[in-house]
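The following dialogue takes up a few features of one structure in turn. Each reply begins with the general idea and then turns to the case at hand.

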Amino acid sequence: MKIPIFLPWINNNDKKIMLSSLNSPNLTDGPKLDEFERIFSKKVGCKYSIGVSNGTAALHLALKSMGITSGDEVILPDMTFVATANAVILCGAKPVLADIEKSLNISPESIKKKINKRTKAIIPVHFAGLSCKMDEIMSIARKHNLIVIEDCAHSLGSEFNEKHVGTFGNAGCFSFYPTKNITTIEGGMVITNSQEISNKIKQLRNHGLTRNLIQRSKNTKPWIYDIEEPGYNYRLDEVRSSLGLSQIKRFDIITKKRVNAAKYYNKKLQNERGIEVVNHEYENIHVYHMYIIRIKPEFGISRDLVHKKLFNKGIKTTVHYKPLHLFSNFKKLKLKNGQFIESSKAYKECLTIPLYPTISKKEQDYVIDNLLKLRK
Ligand SMILES: Cc1ncc(COP(=O)(O)O)c(C=O)c1O
């Protein structure tokens with residue numbers, strides 16, 4: 001049997017809707033984007049949603065719209081995909097890495113230690129689909145007057161105290177990359193309750209133009225617009241917006257299937273010697289972008305060997321992620337390994353095993369049986 005680590009779920013309805021959007025006279029910056037943004041706002045409970053070309057663009061524009069620039073420092077977790085830090089670097093600012101907790105989410109205690117005069121913002125990442133401790137993080141931010149931009153790339157549908165992630169800080173940023181909880185193939189979204197931030201991001205995603213295509217086409221002089229500052233082409237086109245619309249309409253089913261599959265792994269793996277199931281105690285509030293276990297010394301063979309032997313059985317696994325402080329571009333920041341006790345430990349032990357909405361019990365059993373057979 002061959003089991004991928006992830007499989008996107010694009011159904012016939014998704015395909016039909018995408019095809020029909022090709023008949024639209026506006027192939028980009030059009031009504032499907034508007035509708036996707038409206039439904040997204042309703043789903044997460046925010047005032048404004050701004051669709052963009054990917055999750056990195058969402059983070060970049062959120063930071064830009066709030067004036068993050070050179071000389072500023074932004075605190076983010078050592079354990080995240082590099083895009084979180086790259087967005088800060090693209091603004092000319094400095095990423096400051098904080099350690100994580102056992103949950104794999106950023107540690108509020110570590111954030112406190114990294115704050116100084118230059119600190120302007122915090123980017124908590126709701127890792128793998130579990131919300132960070134937003135009460136503690138918001139209280140630190142209020143005390144030090146810091147901007148909070150939530151990286152929700154993994155966590156559409158995830159809540160903290162019954163409030164959707166992305167609605168605690170000044171903005172929340174989502175990715176719709178194929179592995180994410182819904183996909184537009186490539187795509188992203190910024191959410192905010194600030195009209196000022198929303199307007200700014202809408203301009204910046206469209207070359208800095210003060211009026212978009214729909215607004216200009218209603219006017220007899222479509223060339224009348226202003227440029228207040230240079231922007232980017234970070235637009236989300238109509239075909240991908242229509243896929244997003246179709247996916248978000250069946251988001252509850254997609255999530256239920258993911259979560260049910262994760263709960264099945266939890267039941268089968270949580271009491272097995274040498275395996276620690278990460279965050280199984282939060283299974284009722286977790287949206288399981290990824291399913292992560294830790295291979296402990298009592299398992300009898302190393303995590304790397306488990307990965308190799310499963311690969312030989314046709315089962316793909318991987319590690320999310322190599323901590324940022326280990327990459328060449330971050331070594332320049334002269335960070336000390338000792339600052340990252342939990343992320344370094346997680347990097348040694350964690351293994352992401354196959355999870356996707358359409359995974360069958362038979363496929364999961366194949367993963368579980370082969371994993372347990374490796375134990376010494
Ligand atoms: C935590 C995190 N932030 C940001 C991103 C960037 O999203 P995108 O790939 O859509 O640019 C990703 C993407 O994988 C991610 O995992």
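Predicted model: local features only at pLDDT ≥ 70, side-chain atom pairs only at ≥ 80, totals over all residues.

**Reading helices, a sheet and a ligand shell**

Q: Why should the ends of α9 be 16 Å apart?
A: The expected span is 1.5 Å times one less than the number of residues. Helix α9 covers residues 238-249, and its 12 residues should therefore span 16 Å; the end C-alpha atoms are 16 Å apart, in agreement.

Q: How many of the residues of α3 are buried?
A: In α3, 10 of the 11 residues are buried, so this helix is largely enclosed by the rest of the structure. Among them are Gly55, Thr56, His60 and Ser65. The buried residues of α3 pack against the strands β1, β5 (147-151), β8 (171-175) and β9 (188-192), and against the helices α4 and α7 (195-204). Just after α3, glycine 67 has a positive phi of about 80°.

Q: Which residues come nearest to the ligand?
A: There are 14 residues around the ligand, and Gly55, Thr56, Ala83, Ala153 and Ser175 come nearest. Two elements, α3 (55-65) and α4 (83-90), each give two or more residues to this shell. Two of the nearest residues, Gly55 and Thr56, are also buried residues of α3.

Q: In what order do the strands of the open sheet lie, and is the pairing parallel or antiparallel?
A: Strands of a sheet pair through backbone hydrogen bonds, in either a parallel or an antiparallel sense. Here 3 strands form an open sheet in the order β10-β11-β12, with antiparallel pairing. Because β10 (275-277) and β12 (350-353) stand at the edges with a single partner strand each, one side of each is left without a neighbour in the sheet. Direction ignored, neighbouring strands of this sheet are turned by 35° against each other on average.

Q: Over how many bridges do β11 and β12 pair?
A: Strand β11, residues 291-295, pairs with β12 over 4 bridges in the antiparallel sense. Within these strands, arginine 294 stands opposite cysteine 350 of β12.

Definitions and conventions:
Residues numbered from 1 in each chain as written. Near = placed C-beta within 6 Å. Pairing = 2+ DSSP bridges. Axes fitted to C-alpha atoms, helices over the stretch in contact; angles between N-to-C directions. Buried ≥ 20, exposed ≤ 12 C-beta atoms within 10 Å, placed from the backbone. Contact = placed C-beta atoms within 7 Å.
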